[in-house]
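Hi,

My notes follow below it.

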Amino acid sequence: RLVHADLADYRDHGFDLAIFNYYFGVKENPDGSFTYDISGLARDLDYWKTLGSSTPVAIGMEYTCRNLEYGLAEPGKEHIPGTFSPKARRAIVGLVRHIHDEAQRRGWPRLYFYPIDEPGNNKTANRMLFAENVLGFVHEVPGCQTATTLTANDVQRLGERVDVRI
């Protein structure tokens, strides 16, 4: 009852986007493919629908992308922060595709992929390079859109990679 009242209040006050943050499980299979655990997202979005919300959802996934960046870095090479091995890129694009396909199958609300928060700050090395890469990976999946928090200067650098500015 309280959640229904909160959601109605959000709607009545013009809130038009929800941000859900997740760490998704990504497992590499022996054949080089990947298996994805999005059960937490599925549970939350099914609940979101039950509550009657069609509010778009931005899926925060920066830490999943960071873990894949480092965990699937090319062995024997010094890793440069913000860059991705081909395997890490495949894993992230595959995750986005998997979520997109589940959204279509389950009738979830519009999703925006939020793979980095505040790309223009300096809390991690090569943050803008990371942003360029992960936002681009999302756009490799037809129909997928990105969202992030950014300044006017960041927009000049990231341009078309950002569909929704939060």
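Start with H100, which sits in helix α4, residues 86–106. Helices here are DSSP runs of H or I with at least four residues, strands are runs of E with at least two, and both are numbered from the N terminus. H100 is buried, at 17% relative accessible area. Buried means under 20%, exposed over 50%, and partly exposed in between, with a 1.4 Å probe and protein chains only. Leaving out residues up to four places away in sequence, H100 touches F113, V141, P142, G143 and C144. A contact is heavy atoms within 4.5 Å.

Two notes on the source. This is a predicted model, where local features need pLDDT of at least 70, side-chain atom pairs count only at pLDDT 80 or more, and totals for chains, interfaces and linings use all residues. Residues are numbered from 1 along each chain as its sequence is written, and side-chain values use heavy atoms, without hydrogens and water.

Now the whole protein. It has 6 helices and 7 strands. Their order along the sequence is α-β-β-β-α-β-α-α-β-α-β-α-β. The radius of gyration is 17 Å, close to the 15 Å from the globule rule for 166 residues, so the protein is as compact as a globular protein of that length. That radius is taken over C-alpha atoms, and the rule is 2.2 Å times the number of residues to the power 0.38. The C-alpha atoms fill a box of roughly 55 × 40 × 25 Å along the principal axes. Of the 166 residues, 43% count as buried. Among contacts between residues at least 6 apart in sequence, 66% join residues at least 24 apart.

Best wishes
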